[in-house]
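Please find below a colleague's note on the structure shown here.

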Amino acid sequence: MPIPAAPTAPPSQAALLDLFPPGTAIGDEGALVIGGCPVTDLAERFGTPALIIDEAAVRARARRYADGLAARWANSRVAFASKAFPCTAVYRLLAEEGLSIDVAGGGELALALAGGVDPARIVVHGNAKTDAELRMAVEAGVGLIVVDNFDDIDRLERLVTKEQPVLVRVTPGIRPDTHAAVATGQEGSKFGLGPAEARRAVARLRGSSRLRLDGVHVHIGSQILDTEPFARAVEAVAGLGTFAVYDLGGGLGARYTYDDHPPSVEEYLDALVGAARRVLPPEAQIIVEPGRSMVAEAGVTLYRVATVKPGEPPFVAVDGGMADNLEVALYGQRFEATVATRVGGGDPCHLVGRHCESGDTLSAGVPLRAPRPGDLIAVPVTGAYCYSLGNNYNGALRPPVVFCRDGEAREVVRRETYGDLLRRDVT
Ligand SMILES: Cc1ncc(COP(=O)(O)O)c(C=O)c1O
C-alpha cells in the first residue's frame, strides 16, 4: 500500500487547527478544546480511543447544504448518505435539521427508523437488495427506492401492495479522479445501469402499474476534489429524458490534509445547479446525497500513546488503529495528527495502531511534538466512514461516540465491552 507523503515542515498550530472542527481552540493548559470540551476531560471521562463529534459542526454543515441548495434550486432536498455515519444519534440530529436520509440496505433502514426518521423522507439504495430488504422498505413506507438492476424491478413488482415511487440508477461512464475503490460512475461499475439499459428500465417502469417512476439517480464516487465531473454527471442523466426527480448523488471530498483543497459546499452546489439550469427541466426536483462532506470534519479520534519505539522515524503506537479507522488501509487515505496537549510542531513519527498488521498505520511520518507513553493523540477529520467501517480486529472494542456542544459532552454510543464480543455466541 503506498503511504502518502507527510509534509516536510512541521505544521503551525493554525494550519493544524484548520483541520479540526470549526471553533476548536487550544485551552489554558495547551490542550485542544473541541465543542467547548477540553480533550483531557473527554479522555478521562470516556476513555480512549473515542470518537468525538462536534455537534454544532454537523448541524451547521447540514444547514449550509440545505439552505445552499434551496437558494439555488427551490424544489430540492438534501438526503444524508448515512453510510458515512450510521448511528441513531446522527440520524436523529440530521432528521431534526430537516434532511432526508439515504440508506443502503436493511440495517441502515432499521437504524434510520430507530433514529426517528420519517419513512417518507428515506431513499433506499443497494446494488444487491434482497427480497427481505425490499419488503422491509415497502412495509416501512419509504419515499423512494432506487432501482439498480432489473431484478430489483421484478422483486418490487411482486412485493408492493400499493404504488411505490422509484428512481433508476444510471452509470454515466464518468471516472472521477479518486481511489478506484470509491469510484462508482465509470463504465463497468457494479452499480446501476449503463445508459442503454437504463433507458430500457425507464421504458419498462413507465409501463408498470405497481411502480411509479419518479426519475433517475446518479452517483459517480466519493472523495472527489473537483466540481467538473459532477457537472458532467448532471448532463449525462439529462440525456435520459424528462422526469419529476433527479437524484444527483453525493461524493464531494473532505479536507483531510494540508494539500487537500476540496471545493466548498457552495462551489459544489454552484457547479451542480449551474449544470442543472442548463439541462434539467426547471420544475423538476433535485436531490443531493452528501455523506463524507457532511460529517468528516466534525469528527476527531482521541487515542492514548501506548509506547514510543525509537527508530528513523520513531514509531508512536496508540491504543486504537485500523479497527476504528480503516480508511488508511483501504484507500491509503492520509490523515494528520497532533499530540493533543502539545499542538503543532514536532518531528516526523510513524503513528501506528495496536493491530497485528504492518498496514495498521494511522499516519506515516506525521510531525508530533515530543510524544511519550500516556500522551493523548488527536486525529482530525474522522467523522466519516470511520464509525461505519469499525470492526473488532484483534478483539478491539469499538470506541464510544461522544457529542460535544457548548462545553457539554454526552455519550451517544457507549464503548463496546468484552461481553459484547461474546454476545452473538450460540452455546
Ligand atoms: C448512492 C450513494 N449516494 C451517496 C453516497 C455518499 O458519498 P459521499 O460520502 O462521498 O458523499 C454514496 C457513497 O458511496 C452512495 O453510494
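Predicted model: local features only at pLDDT ≥ 70, side-chain atom pairs only at ≥ 80, totals over all residues.

1. Strand β19 covers residues 401-405, and four of its five residues are buried, so the strand is largely enclosed by the rest of the structure. Strand β4, residues 50-54, pairs with β19 in the parallel sense through four bridges. Within this pairing, Phe-403 of β19 has Ile-53 opposite.

2. Strand β19 also pairs with β20, residues 408-413; these two strands run antiparallel and are joined by five bridges. Here Glu-408 of β20 stands opposite Arg-405. The hairpin formed by β19 and β20 has two residues between the strands, and Asp-406 adopts a positive phi near 50° in it.

3. Helix α9 spans residues 228-238, and its buried residues are Pro-229, Phe-230, Ala-231, Ala-233, Val-234, Ala-236 and Val-237. Against which elements do the buried residues of α9 pack? They pack against β10 (211-217), β11 (245-247) and α10 (265-279).

4. The ligand is surrounded by 16 residues, of which Ala-81, Ser-222, Gly-250, Gly-291 and Arg-292 are the closest. Sorted by class, this shell comprises eight polar, four nonpolar and four charged residues.

5. The largest nonpolar core contains 128 residues; those touching the most other members are Ile-101, Leu-272, Leu-302, Ile-377 and Val-402. Helix α10 makes the greatest contribution to this core, with seven residues. Both domain 1 (13-55 + 296-422) and domain 2 (56-295) supply residues to the core, so the core lies between them.

6. Ile-101, one of the core residues named above, deserves a separate entry. When its neighbours within four places in sequence are left aside, Ile-101 is in contact with Ala-79, Phe-80, Ser-82, Tyr-91, Leu-94, Ala-95, Ala-112, Val-117, Arg-121 and Ile-122.

7. Phe-315 belongs to strand β14, residues 315-318. Gly-345 is 30 residues from Phe-315 along the chain, and 17 Å separates their C-alpha atoms.

Methods. Residues numbered from 1 in each chain as written. Buried ≥ 20, exposed ≤ 12 C-beta atoms within 10 Å, placed from the backbone. Pairing = 2+ DSSP bridges. Contact = placed C-beta atoms within 7 Å. Near = placed C-beta within 6 Å. Nonpolar A, V, L, I, M, F, W, Y, C, P; charged D, E, K, R; others polar. Core = buried A, V, L, I, M, F, W, Y, C linked by C-beta atoms within 7 Å. Domains from an automatic or database assignment.
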